[in-house]
Amino acid sequence: MALKQKGTADAAADPKKRRRVGFSGVDAGVEANECMKVFLARNPDEVGSVDSTSIQPFDLNHFFGEDGKIYGYKNLKINVWISAISFLAYAEISFDETSDGGKGITDLKPALQNIFGENLVEKEEFLQTFSKECPYFRSVVTNGNAIKHSVSNEDQTVEIVIVELQGDAAFLYARLVPLVLLLVEGSTPIDVGEHGWELLLVVKKTTEESSSSKLQLLGFAAVHNFYHYPESTRLRISQILVLPPYQGEGHGLRLLETINSVAQSENIYDLTIEDPSDYLQYIRSSIDCLRLLSFDSVKPVLSAMVTSLKEANLSKRTRSFRMVPPAELTETVRQKLKINKKQFLRCWEILIYLSLDSEDRKSIDNFRACIYDRIKGELLGSATGTNGKRLLQIPSSFKEEESFAVYWTQEGGDADDQTVEQQPEDLETQERQLNELVDNQMEEIVEIAKNVASRGK
């Protein structure tokens, strides 16, 4: 980690020049997001250059105290480079001066070590990592099981390698933790000492003589096998990440497809994803919908439900229509495709929408009415009664118009025993918020349906 204080040499050379030390008024601090940048360096020439591949962390502020600010520095700049070969990190810090403006002077070293840990090294050691191949990475790839291959060109191939998370693989994961913390919102390092963890690595192999490293990591996924009563195993995707320079090349898609294949080939009960991001859920649902469209057991049931939905008249809300697949089909899909029930129900609605004519207003209105009934039922109870549930708008600094809470009242008792009496304006607010949720759900369904339709051609 290099510290550079600007202007020190000039002041020493001319004693008549007096630098003002201190800030006017109370130090307001600077947010880490504003003064810190992180880069991924693939060769030594990129180290020290802000033209190298920039990483866009979701939020750097939460690593720096409760308010996410750094205090005591004037014109502070923090640049961090992470080696794409060894995943060690080097930090370069520059500022004009330091002074306690009432909030102290932030100690940057422990804050950076909170992110990068033992990966943070001095520049000389960092530069040396580019001149030789990473031995523990080669060991992991050599001892792992290559389960999917794709050819890029004559000199390069891309493989997906699966390995148990222990030994060199655990050491490699420790080097990857800072990238997980920076790029995967809400993530925490997994416990590598816990039984059942595996890593799937997307690895580029090259035979080019000019390349100092014959192996390159493009992305990875951490999955956990855990017990399911009475004698099977569930598979959960805990973390999945494609390194920024290689995003948009389909590696994340291939990782998910490979994990699906692993789940089907082994004695897996079903597959789940731990807190998926919106984009990961989008990709996952697109993949699963394509799998379901080619699954023979789905086709006749889907066709019958779509026909019934088209013929129904739900505009006057005199009856409800549930777009729920039969229980036996849900179980068959779980057994054969390893798609869990919640995910299948999500995909089922997308498949129905795909089968409708978007220009047929009646069918689309019927479909939206079913989405409305489902969301209302999930939040407030069944269509025939709300079981005492109510929606209450609450103040929020996030999205006030979409912020609400669900609460319960005592129904069926005396009026004096009612916890809350729902007023007409409450019903209007509840209806508006329900429709906003339905509109958001419809937008998600339409976007995934478009992607499935384009990929299915």
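Biologist: Where do Arg361 and Asp365 lie, and how many residues apart are they?
Modeller: Both lie in helix 12, four residues apart, about one turn of the helix. Helices are DSSP runs of H or I with at least four residues, strands are runs of E with at least two, and both are numbered from the N terminus. This is a predicted model, with residues numbered from 1 along each chain as its sequence is written. Local features need pLDDT of at least 70 and side-chain atom pairs 80 or more, totals for chains, interfaces and linings use all residues, and side-chain values use heavy atoms, without hydrogens and water.

Biologist: What makes Arg361 and Asp365 a salt bridge?
Modeller: The term asks for a side-chain nitrogen of Lys or Arg within 4 Å of a carboxyl oxygen of Asp or Glu. The closest N and O atoms of Arg361 and Asp365 are 3.3 Å apart. So the pair qualifies as a salt bridge.

Biologist: Why can such side chains pair at all?
Modeller: Side chains of opposite charge can pair when their charged atoms come close. The structure holds 13 salt bridges.

Biologist: What is Asp365 called, buried or partly exposed?
Modeller: Buried means under 20% relative accessible area, exposed over 50%, and partly exposed in between, with a 1.4 Å probe and protein chains only. Asp365 has 40% relative accessibility, so Asp365 counts as partly exposed.

Biologist: Which parts does the salt bridge between Asp439 and Arg368 tie together?
Modeller: The side chains of Asp439 and Arg368 meet at 2.8 Å, N to O. Asp439 lies in helix 13 and Arg368 in helix 12, so the bridge ties together parts 71 residues apart in sequence. At 35%, Asp439 counts as partly exposed. So does Arg368, at 23%.

Biologist: How do you know that Arg374 and Glu349 are paired?
Modeller: Their closest N and O atoms are 2.6 Å apart, and they form a salt bridge. Arg374 sits in helix 12 and Glu349 in helix 11, so this pair ties together parts 25 residues apart in sequence.

Biologist: What accessibility classes do Arg374 and Glu349 fall into?
Modeller: Arg374 is partly exposed, at 24% relative accessibility. Glu349 has 8%, so Glu349 counts as buried.

Biologist: Which residues are linked in a network of salt bridges?
Modeller: Lys148, Glu257 and Arg455 are linked in one.

Biologist: What makes Ile273 count as buried?
Modeller: Its relative accessibility is 12%, so Ile273 falls in the buried class. Ile273 lies in strand 15, residues 268-273.

Biologist: Which residues is Ile273 in contact with, leaving aside its neighbours within four places in sequence?
Modeller: Ile237, Leu256, Leu280 and Arg284. Contact means heavy atoms within 4.5 Å. Ile273 and Arg236 are 37 residues apart in sequence and 5.4 Å apart in space, C-alpha to C-alpha.

Biologist: Which residues line the largest cavity?
Modeller: Ile273 is one of them, and so are Ile237, Leu256 and Arg284. Helix 8 gives the largest share of this lining, three residues. The lining residues divide into five nonpolar, three polar and four charged.

Biologist: Why is one space called a cavity and another a pocket?
Modeller: On a 1 Å grid over the protein atoms alone, a cavity is a set of points where a 1.4 Å probe fits but cannot get out. A pocket is an open set with protein on both sides within 12 Å along at least five of seven lines, and lining residues have an atom within 4 Å of a point. A search of the whole structure finds one cavity of 30 Å³ or more. The largest cavity has a volume of about 100 Å³.

Biologist: What is the volume of the second largest pocket?
Modeller: About 1100 Å³. This pocket is lined by 40 residues, with Ile240, Leu241, Ser277, Tyr279 and Leu280 nearest its centre. Strand 14 gives the largest share of the lining, six residues.

Biologist: What makes a set of residues a nonpolar core?
Modeller: The members are buried Ala, Val, Leu, Ile, Met, Phe, Trp, Tyr and Cys residues joined through side-chain atoms within 4.5 Å. The largest such core has 79 residues, and Ile82 is one of those with the most contacts inside it. Helix 6, residues 168-183, gives the most to this core, with nine residues. Apart from it lies another core, of 40 residues, including Val306 and Met323.

Definitions and conventions
Grid points are joined across faces, edges and corners, and a volume is the space filled by probe spheres set on the points. Ala, Val, Leu, Ile, Met, Phe, Trp, Tyr, Cys and Pro count as nonpolar, Asp, Glu, Lys and Arg as charged, and the others, Gly among them, as polar.
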